[in-house]
Every structure is written in C-alpha cells, then in structure tokens.
Amino acid sequence: MSKRKLKDSPMPIGECISQVQTLLRERLCHQQLPQRPEGVDSQHKHLMELLKRTAVHGESNSVLIIGPRGTGKTLLLRCVLAELLAEEDVDKTLLQVHLNGLLQTDDRIALKEITRQLSLENVVGDQVFGSFAENLAFLLEALKKGDRSSSRPVLFILDEFDLFAHHKNQTLLYNLLDVSQSAQTPVAVVGLTCRLDVLELLEKRVKSRFSHRQIHLLPSLSFSQYLQAVQAQLHLPDTTFPDTTFCYDWNASLKALCEDKSVEAVLLRHFNSTKDFRSLHRLLMASLCRVSVNNPTIKPADLLDASRLLSADAMTNVLHGLSILELCLVIAMKHLNDIYDGEPFNLQMVYNEFKRFLQRKSNSLYNFELPVVMKAFEHLQQLEVVRPVDAAAAVAARAQREYQLVRLMLDHSQIMEALQKYPQCPTDVKQWAASAFG
Amino acid sequence: MARYLTRNRLRRIYKWGGLPVSHDRKLKTDEYDSLRISLEDLPRTTVITNGQYILIEGVDDDHPYVAKVTKLIESDKKKKKALVQWFARVGEVPPNKLKLLGREPHPQEIFYYEGPTCEDEIDVESILDTVQVKFIPAGAPFPDVDRQEVLYVKLSWNTKVFTVVTPEQIETAAATAAAAAAPRLVPTPSRLRPALPPSPPCSPALAAATPRSRAPSRRALPTPDPMVMNRAAAAAGGHGVRGTASAGKMAEAESMHSASKISASKCLSGKRRSCVARTPGVRKKLELSSPRKSLMDEDEGLCQLLDEDLDLDVLMVQRSATTLTHLMSQPGGLTPARKTSRAAGSWGSQSMKPVLSYMSLGGDSSPETALQDSDRASTPSRRAERASKEHSLGVLAEENENSPMEPAAPTPRTSRRKSAQLVSSRIRKQLSLLDDVHSDGDDSDEFLPSAKELRSSSDEEEEQQEEEEEEFCARLDSDDEIVAKKSKRGAAAPRTPRSARKSQASMRTPRKTPVKKATPTTPRTPRHATPSIPSRSLPARQPGSALEEARARLHVSSVPESLPCREQEFQDIYNFVESKVMDGTGGCMYISGVPGTGKTATVHEVIRSLQRASDADDIPAFNFIEINGMKMTDPHQAYVQILQKLTGQKATPDHAAALLEKRFSHAGPKKESTVLLVDELDLLWTRKQNVMYNLFDWPTRRHGRLVVLTIANTMDLPERIMINRVASRLGLTRMSFQPYSFKQLQQIIMSRLNKVKAFEEDALQLVSRKVAALSGDARRCLDICRRATEICEHTSLDPGAPGLVGMSHVMQALDEMFSSAYVTAIRCASIQEQLFLRSVLMEFRRLGLEEATFQQVLVQHQALCRVEGLQPPSVSEALAACQRLGACRLLLLEPSRLGVLQRVRLNVSQDDVLYALKAE
C-alpha cells in the first residue's frame, strides 16, 4: 500500500483534479450514501426499529416520513434500508416495492408496477396485464394468502405519497393500509411526502387504517452545523484518496475557505434563504466546476461567483436581452401599472403611454409605428414578460390583439435592476423609468 | 353437451296418469297415483308413481337431488305438484358434519333426510328421472360394487346427527302400503300394480314403473308383480317356488293388461299419508358437491348380479312390454324367473339384487324400462305376497317388518329401491352386458335372441329416448354405451368423465377458499398457480419481552378472543342473521358508524359464531361471502366477485349479474342461505344505482335466501345517496355503531392485553380519554398504545427491564400522533421563509383580507428584510421560498406559472404563525 502511495504521490495534478471532481460530484449528486444522515438520529432509530420489526417479527406497519423538500427523507430511508439489508437474513427476507406518485399516476399503473416488482407475473403468465379489476383482485389475493409468520414481509415505499391520495377512491392506499391492519402478509407501508397536511388528504376510512406514525424530518441545524456540513461535503478522505499531498492541500484550503469572511457571508445568505441541502449542493457544485489544473482549490471568489449566478433573478436576466423598444414598452407598462393600480391593460394603452413619452421627453428615440410596436409586444408576450389576462377567453372572443388585456409579470424592482445593468441605456429612458408618473 | 341440446329441443309434457284418486276438499287438491312425463312428439313416457325414487333438478346438474315421491297432487290452480321425502347426498351434508360419520362416506351413499324445514312440495316439472336406491343395514358394509346408478341408504341425517335408519323407518310407509296392497294383489293380478308403489322400504320400485311407451306404460306398472310374488314366495320358503313364480308371471301378464289402478292408488295414498306424517315440512340443505365414485361401486355390484340373473334379464327383455309379441314370449321366460325366485329364497339378498338391477333399468322410460318395470313391480308384489302369507292383511305393514324374513329382506329391499332410481342409461348398459353374458352362459342361450331383439328395439328407441330423457340420463347413456362391450367391471370406467365433471361442479360451493377452487372452472384462462407472496426462509421471530408481547396483542390485526363493548350490536346482528338463516328467508341490514368502531369486526365475529353454531348443528349451514366496495375497481365488479365467491365461476359483470339474478330468483329445493357482507357500501354507488338495487332486491325474492349486511360510514347514507326504490328495498333494519367511549376503549385495551402487565392504569386511561375525545376510533387507540410501548422500550435506561408504559411515554406518543407539525415546521424554516410568512401576515393585516398576491407580499418582504438588516432577496429567491412553503402546505398557492401574480393564502392559522415566530 505504501509502495503504491509512493508511486502515486507524484501523480500529475490533472489526475488529482479529475479524481476530486469524480469523488465530490458523486457525493453532491446523491449517488453516494453517507455513512449516516446527519442530525436525524431519533428519526433514524424510529424508522430502523419499525422496519426491522416488519422484517424480523413480521409485524405490519405503516409510517409517513414528512419533511420539506431537500431535508433528506429519501436519504434517511435509503440509509435505513442499506443498514437493514446489511443484516443477514433480512436481506433475503424483505421484498421491496418502490412506487413514486409522479410515475404511478393512477392505481392501474401502480398495481402493474407492484405486480412486476413482486415478480408475481410468472405466476399469472399473461394475466399480469389483464384488466384493472383482475389485477387488483389478484394482488389482494396474493397478499391475503400470506400470514404473519410464514410470508416474506413486503416493504412498500410510496414516494410522493400525497399524489397517491389523489387517485380515485384512494383504492390503492386503502388496500395497502388495510393489509397493514389485518392479519395477512406482513407489510410495511412507508410514505414519503413533503406535505404537512397529508393526513387531511386521506379519506376517513383510509385515515383510520393508517397507523398515524409520522416521522417528521425538519431541518433544525444551526449555521455552525451548516458550515460543518459544507466542509464535510467537500472534505477529501485522507485514507482513501490516492495522492496524500494533494489531499492534504485540498483539505487545508477547504478549511481556509470556510473561515473566509466573505465565504461565510455567502453561505449565511444561502443558509438564510433556504436550508435545503439540494440548493447547497448546487452552490458547491457550481464552485467545484471551477476547479481546474490552474485553479486547484476552491477559492472564495469561486463561491461568490457561484452564489451570484444562482441567486441572480431570472426575469432580470431576460430583460437584459431586450431591445430598447421592448424595454420602453416594459417601462410604459410599469407606469400603467402604477396609474391603474395593477389593473390589466392592452397594447393600445401601452402604445399611447409610449407615444406620450416620446412626445414629451425623448430625443434619442424614433417614433415607432404601431405594427413595429406590436411585434415587440408579441415578443414580450412570448417571453412571458406580459401575460394575457385570460388567454382562452381572448382567443375565443377573437379579440383584436391590440385590445387584448394583459398583465405585466414583473415587479418594479426587477425592472429597475434590469435598467441599472442594461448596457448603454439612454439616459432619458432611465429617467422616464424612475419618474413617478409617466 | 348433448344433454343440453336434447333439453332445449324438446318440450316435456307432464300429464297425470289416469283420473284423480282422491280429492281434498279443504285444500282443493286432487291426488293422483302416477305422473306421466313424455316428450313432445315422441311416443314414450316415463311414469312416476308414489313411492318411487326420483331425481330432482337442482342447482347442480351432475348431482340432482334425490327424493322419494310420497304424493302426487294437483292444486286447484292446476299446478302439478309432488310431495317428496328428501334424501341427502354426501355432498349435501356439510363437510364438518361428515366427520360425525366416523368413517369415509360411501360416495354413493345418501341419507334419509329428517332435517327441519325443507320444502317437501316440488313442482313436478323439476323431476328429472327415477333412480335406484338401496337400503343397507347399519352393520352391513357397502356392496363392493362399482356402479354409479344405485344409491345406498344407511343412515338418516337430521342436520345434526346421523342416526341409523331402520328399514322400518324408511319403509314404514311403503311397507304399510305394500301390506295393504298385498292381499289385493294376490287375488287379482290386475290390482297388483298398486302394490308396486308401496314396494317395501324403497319406493324405488315404484320408480321403476315408468315405461316410456304410452300404452305399455300403463301396463308396465303391473308387470312387476310377478317378480314380487316370486320373491315373496321364495321368502316364504315353504311354498313351491315354481308355483309362485308362475303365479307371479301370470299376475304380471295380467297386470300389464289390466287398467285398474284403484287399489294401487289406495295403497299409495296410504303410504303417502304416512310419509307426509313422518316428514312434515322437511327442508333440505343444499350442498352441491357430491360423491364422485359412488356410481362405480354400484356398477360393479350390478354386473355381478347380472351374471346370476341373466335369465331374469332376458325375461324382462322379452317383456319389454312395448310389443305384445314380447309378451307372448314370456312363457319361455318364466323359467328363469322361477329360477331367480328360487335363488331369492336361498340366497336371499343376492338373488334380489339382480332383480333390483333390472328395476333400475326400469327407471328409464325406454321400452326396456317397461320390461324392468315388470321386474321392479314384481319385487314388491312378491314381497307383498310373502307378507300376505305370513300375516293378516290388516297388520301387514308392521308385521312385515318384524317378520323373520326380514333379515334377508333388507338388502333386497334397498337394492330394489336403488334399482328404482336407476336411470335409463343403465338399462342400455345392462343390456349390452347381458349380451356378453348370454354368449357365455348356457341357460341364457334360449333367451339370447330375445335379448338381442330387445337390444335392437332399444337401439331404435334410443334416439327418441335420448331426446325424451333428462340430460342427465342422456349423458349417462352415451357414456355407458361406449364401454358397454367391456367387461362388467369395466363398465365403471365410463364414469370417469363424469366424475371429472362432478369435481368441477363440486368446486362451485367452496365456502372458504373460493378463489383457489375457481381455477379449474376457467380452463380458458389457465392460472398456473394462485399468486402468493413467497414464504420466508427463516420463521418470523416471536415476541420476547412483555412489551413485545403487548405490542403484538395490541396490533389491530390480532384477532381478539372476544369483542368487548359491542355485545348489544353483536346480539342484534346475530339474531337478525340467525333468524333469517333459520327461516330460510332473506333480508337486509344497514350498519353505519365512523371508522374504527368495530363494524366489520363485529359482523365477522357474528359470522364466526354462526358458523360454529352451524357446525354444531344448531342452525342450518350457510354460505358467507364478503365483498368490499374499496377492494374493487368498479361497482359492477361486485357481481363478479359475488359470483366467483359463490360458485367459483368467472364472468363479466353483466353475465355475472344475470347468473346471480337467476340463482337468487330460481327456486332451488334445497338451497343454503347465503350471508353477504357488503363493506363500504357507498362505493357501490352508480348513477343508476343498479348494483345497490340488485343487492337489496335479491333478498326480497321468495327463493333468494340471501341475507345482506351492508356497512358504511354515514348514518344517513340511504337517505342521501339512494333513490327511493333502492332505499325502500334496503328497509329499515338499521344499526348504528357509536364511537367508543373512553371506558369502552379502556376495556378494549385491557381485554386485548389480557393480563399482560405492560401499562400503568393512568396511562391507559389517558390514551382512551384522549382518543374518545377525538374520534372514538379503536384503531387509533391501539396504535397509540403500540407506539407508547416502543417509546418506553427506547427510553428505558435498562434495556433488559423496560418497566411499565407510563404517562410520559403515552404523552409522547400522543404528541407524535396528534400534534400538528406546522409550528415546528415554521420554527425549522429558514430565515427568509420565516420572513416571508411574516410579511404575508403583515400584508393580510394591511389588506384586511386573507389573501394577497405574491407581488404585494414581496414588497412587504423586502421592506422587512431591510428592517432586519438582511440583504433583500431577489424576486426569484423570494419566489423559491414561497414555493417551498407552498410545497409544505404552510401556504396555499396558485399554480406557479402565474409568477409574481399568484395569490397567496395561509394554510395555518395566523395565531399559529405568530406563536411559532414569536417563540423564537
């Protein structure tokens, strides 16, 4: 090993960088499970115990894991499952069925998927894709025939659980939960959802059959923990990384990075904005991408850039690409919004406002004909900077385009910000935008 | 399938044989002594007389019901009716009762049915055919014969216990009648015929008298007499066999021509009376599965017997009654007859059997039948004669039974009875057998031609017959013919196809595992195996500690020993179902109650008790079927599921509905009650409410025998969603399950724990009070307790002895389950999200509305950020925060494509938000 290390030590820097990239990207893209999810010990224990009882004792259970997006619900479950399956005999005993509310959009699809994942098709032959009713009867029969002590326990994992509640009659949920409450095949129904009010979605008889066990995953970590998490995410393992010196340098620079005031400010801002780990990962990923042979460590500037990139306002960016005429129209709309207090307006009104501006103040702009203005207006509409009030109704009524009512989809602050950044924006346009009344 | 064709093609005509024998003024009914069943356009008829054993159309085509005709009447409405004494096939006895036998039931065994309340009046149109029934003394083994057509009676069955049937029991009526008839018979052959029906124990003898050809049919009845006389003579022992035999012959011959039936009818009526008296309102239970092999054994027996009695056969054949010429040839035939009679004397039972077998042939209405009729007839007459010789006429009936001859007599009698039941097919088979035998036998040589003649004639008639005959018989025929040329024993072989069919039929009434059995009935969609979750390699671990034990007991799925706190409801439902099952009527009940109040559990408990009761024979057996509105994809699937559970058939919803409709409106003479539990009734709602309508309409049918228990959550479901005609049929039998009170909940937990000491008293009380206050849902209560045991286990310092579940654990469990996570979620949200929520509140306050657009809130938000000294977020960031709150449903949002214009509402109370934010 040491020999290999010696041999590896003079590893070219490019090699090291690519190694780092691979390792960290895997980590940031959730392809690697951490040893143990952070800060959720009690939930981990609860879930672990629960699933273990199903796997080992054949006790039926149902549980919901609830938490906002990006708090590690799936991660927790995957960790628990990995740990559970590591135990011998559980591994061979537990059957798993993974469903996702976004994929199995109705019970028919879900039933087929369950049948497939339980490998029951070979029993039915061509019957698998029989009628919905047959599938249901078939599955229920299969589950009913089992009993606590002799059948292999089945773990149903319902991702986006709330979406299953929108299926017709909640048939699938009723049946799964009913099985979990009766002496049939032992099942554990694990639902993952980010909706806190998920129980209210369940019909009362379905709800009654649910055990009401809820595991809440709420991000409760403080900023210092957050910083540590950031550091842990970027940390290179001393022992397994091939090039020790590079690894040492990287980790040292990482420590320096985290102590940097500006970096801390960026992270704090990010932390204040959201505790979602996914968005943190995006931030780190963006900065990681800047690491290259010339720039072998993450520098505070990288992180700042990445943060700016991510927190930039999308609409403002859109406005940067507009022509002066279009920008003028947007400003005219802003004034209309002010005048009419957010009431919708049409192209003609915008055009009149624009003409008033031209007559009064402008000396840098030509007068544009209505068709040209209309073209610009349509472009804005395509960019969804403006939006018809009721598109369907307008089409139905065949209203003339210039009289179709629209609304501006921008906030004033966005317009002003865009104007600030707009290259070579005529001063009179800027003044017009800033003035209180057109 | 030929049988279906024949059935469809021809209309059967039921006519009374002769004039009414008596008239009941009170009931305005006329009694007849025989019934002639003929097929349209065909010359042959089957004649059914009193005391004959008949097959009655039932639900199961392969196993028609067996009964003995006791009376033939015509009601004032010109309806032809028959009063019958039922016999139960093995399959009709509930399997659990069969254990009482203490032995394997003989497949061909039937039981004299003494059970209560079985309609004993049937429509003559349901009569299929005659059948042969033999009585076997209790101690005697079943004859080791492999014939299918003979049924054996050994025991009687009163739905509770099996008792030994004394020959008297079965024969009383018949015997009396026979005795009464005997005297007349002897002097006047013309009167012999009446004696037939009474033919001893086994009215089958009567059954034999069903010649097809119309003219002969009349005569056929009398024919038996000679044989009877022969036998009687033999029994008498001292008398010259020859004389008797010839007398019998003469009697027979005469009787064939004689038309007088008066004496017979008298006998019949006498017997009828006795029968009726014995079995008032007998009700038979319907059990479709029936013995498979029984027929074979008897076949064998018959064959053996045939050897001995070839002569007789031939004789019969000659008599085939259809033609006078045959009759002419009889004189020659007498010798064999004599022989038999001698044989009867010497080897009693043996010799009798052959006779019986002929009779069985007679059951068929073919010409052969006519021949056999004579045989059959003869047996009784013989008997009668014997009786007459030994006793005075008046006491004949009883004495006959007590007479020394009796010991030998029983066997013949039974066999005779059985023979009566024999179906037409048998005739042909035997004839063919005869042919074989004749070729070997010496005596038979002289008869051979006649036998052949017979055969040919029978062949000719076969075609017609086939049409005439019941499908049942027709099929047997064909079966038989195939193997007819085989050895006598081989005759059993053809049965196999039939037995296969039977097995299929038996599948139809699986009570407990209908689905499995269904498989064979649907060969087109073969399911290789029933689906199942694979079984685990290691057995599940059993609970170890007291807490684990408690947890296992508290699981909702564990079935408690009893259902406390639902005694009243239990009793009500029990009484309702029991009374309906006892009366054989139908009814509906509607059970409502919020989830988790034990509705389904109580009904299941009721059914369990009822099943126990029916096992113990306190109530008649019944089917239990359960469907659940939630467990089907479409309301119309209800039909499919009911049908499948009832009969194992698979069908489309429409077809299933039709089949069920037929089933519940069709009068099955021996139908079991069906108890149908419909859970989650509201899911069966359709726009036209057909499903509900049918479910509630079937129980109102006269022959429905369906008890429907429906369960739903809302008390006023009938009023709310049902149209009038449905609600009206549902009736007013309602029951409402109240949510459990805290005391009841406590009791439930206590009873579940059943002395396992795992909870502190206070803790239990807390749980039950809390749940009672919230929902009264027992499931909730149990779940909380279960969770509390877990918490207790985790928090205990000493994992070895976790101690009792205390208040703190329960509190924590309650907290986990009932506390809303909103407040915590708000506290855990990021600063920006919290600020956004706060700005939503501010905007609400400013607007005085509970709704604002994102844009409006954003303004507040940015202002707030400046106050707080934070960098205001960009619109995109604020929007993202808003969306995150929306995903958690802390906020309610419009679709996100509306961007800054989307409206925002709070999904939590403002107080909660303030509380959560303030506490920080």
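**R551(B)**

I looked up R551(B) and found it buried in this predicted model, at a relative accessible area of 2%. R551(B) sits in helix α22 of chain B. Helices here are DSSP runs of H or I with at least four residues, strands are runs of E with at least two, and both are numbered from the N terminus. I then listed the contacts of R551(B), leaving aside neighbours within four places in sequence; contact means heavy atoms within 4.5 Å. In chain A, R551(B) is in contact with R53(A) and E59(A). In chain B the list holds R786(B), T789(B), E790(B) and E793(B).

**Conventions**

I note that the model is predicted: local features need pLDDT of at least 70, side-chain atom pairs count only at pLDDT 80 or more, and totals for chains, interfaces and linings use all residues. Residues are numbered from 1 along each chain as its sequence is written, chains are lettered from A and ligands numbered from 1 in the order in which they are written, and side-chain values use heavy atoms, with hydrogens and water left out.

**Interface of chain B and chain A**

I counted 79 residues of chain B in contact with 90 residues of chain A. The two chains bury about 7300 Å² between them, 52% of it on carbon and sulfur atoms. Buried area is the accessible area (1.4 Å probe) that two parts lose on being put together, summed over both.

I got 8 salt bridges between chain B and chain A, a salt bridge being a side-chain nitrogen of Lys or Arg within 4 Å of a carboxyl oxygen of Asp or Glu. I looked at the one that joins D682(B) to R205(A), at 2.8 Å from N to O.

Several elements give two or more residues to the side of chain B that touches chain A, among them α22 (546-554), α32 (778-795) and α36 (854-868) of chain B. The most comes from α32(B), with 7 residues. By class I found 32 nonpolar, 25 polar and 22 charged residues on that side. Ala, Val, Leu, Ile, Met, Phe, Trp, Tyr, Cys and Pro count as nonpolar, Asp, Glu, Lys and Arg as charged, and the others, Gly among them, as polar.

**D276(A)**

I placed D276(A) in the loop between α15 (261-273) and α16 (277-288) of chain A. D276(A) is buried, at 12% relative accessibility. Its C-alpha atom is separated by 4.7 Å from that of G70(A), 206 residues apart along the chain. Not counting residues up to four places away in sequence, D276(A) touches R69(A) and G70(A).

**Positive phi**

I noted Q170(A), which is not a glycine but has a positive phi of about 55°. Q170(A) lies in the loop between α9 (161-164) and α10 (171-180) of chain A and is buried at 6% relative accessibility. R889(B), also not a glycine, has a positive phi of about 65°. I found R889(B) in the loop between α37 and β21 (891-893) of chain B, partly exposed at 24%.

**Cysteines**

I found 0 disulfides over all chains, taking a disulfide as a pair of cysteine sulfur atoms within 2.5 Å. C16(A) is buried, at 1%, and C865(B) is buried at 0%.

How values were computed. Buried < 20%, exposed > 50% of the residue type's maximum accessible area, 1.4 Å probe, protein only.
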